[in-house]
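Morning, everyone. Please have a look at the structure on the screen.

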Amino acid sequence: MNKSTLLVTRAIFPETLARLAQHFEVEDNQADEVWTQDQLIAMLQGKFAALTTGSEKIDGKLLSACPDLKICANMAVGFNNFDVPAMQAAGVRATNTPDVLTETTADFGFALLLATARRMTESEHYLRAGKWTKWSYDQFVGSEVHGSTLGILGMGRIGQGIAKRGAFGFGMKVIYHNRSRLSAELEAQCQASYVSKTELLQSADHLVLVLPYSPEARHTIGAARACTNETHSHPHQHSAWRHCGRCGFGSSLKEPHHRGGGFGRVRRRTQSPPRFAHRPQRSPNPPHSQRHSQNPFGNGQFGGR
């Protein structure tokens, strides 16, 4: 029996390729080249399936040029690289990997909060530059995390994970705003209280955005909202930076009352927004891949657990 053909669009772990080869005729890209759209179309000719990543755009043009393609499996939780209506119209199935990175991403989000509040990026740069020659009482004074108020905008699975880390790990008061309020049971599990968006911005010492990458969520926070709390808030962006007004939020980071922002994912995953480079202590922006983790329980596999 002939195997179906599969294109793996980026480099993946060799053991995963070996497992795929048991079921498919695999063409891989272990050189990890980032193909243009035309190159991707050429590579997909005659292919039944594609294992894709966020760097491959699957749209109407590609689908019409690849009539044999029946499924695209995205090696990601997000699928904003998929034109879902176009795929539905073409009868091409789309899959993603929901929930596999929930806890890992919550770890990462809280790490951004700590790094920004305790000015870890700035102080580490200062040390490596050879500038640390003496102690001083006000050197790299940060903001208290333990016992402070954590505000979360977007209370899905990852938001709930961050809430639990703040409440149970750092004794934080947790408030949140969401399109719909959580059940009383979930609120109790997270030790979180629902508030309006205005109250969230006014009361939070640390603000974490955990929102989907969508047109509806774009520019959720602009300069006016970012400056609502003029004495405390560190905004910790844990999704696409488009949620913050492109000019407004970047500009607000220059203001002395706005103490910092950590960015876990930017609009282009391989580019750091240049507007945040002027204050490195205010905008730790590690690569998107920092959410990946190795399973500590002995099987050597990489994933989100």
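I'll go through the salt bridges pair by pair.

This is a predicted model: local features need pLDDT of at least 70 and side-chain atom pairs count only at pLDDT 80 or more, while totals for chains, interfaces and linings use all residues. Residues are numbered from 1 along each chain as its sequence is written, and side-chain values use heavy atoms, leaving out hydrogens and water.

How many salt bridges turn up in a search of the whole structure? Nine. By salt bridge I mean a side-chain nitrogen of Lys or Arg within 4 Å of a carboxyl oxygen of Asp or Glu.

Start with Glu27 and Lys47. Their closest N and O atoms are 2.9 Å apart. Glu27 sits in strand E2, and Lys47 in the loop between helix H2 and strand E3, so this pair ties together parts 20 residues apart in sequence. Helices (H or I, at least four residues) and strands (E, at least two) are DSSP runs, numbered from the N terminus.

Buried or exposed? Lys47 is buried, at 10% relative accessibility. Glu27 is partly exposed, at 32%. The cut-offs: buried is under 20% relative accessible area, exposed is over 50%, partly exposed is in between (1.4 Å probe, protein chains only).

Next, Asp99 and Arg157. Their salt bridge is 3.2 Å, N to O. Asp99 is in the loop between strand E5 and helix H5, Arg157 is in helix H7, and they are 58 residues apart.

Last, Asp107 and Arg165, at 2.8 Å between the closest N and O atoms. This pair links helix H5 to helix H7. Glu103 joins Asp107 and Arg165 in a network of salt bridges.
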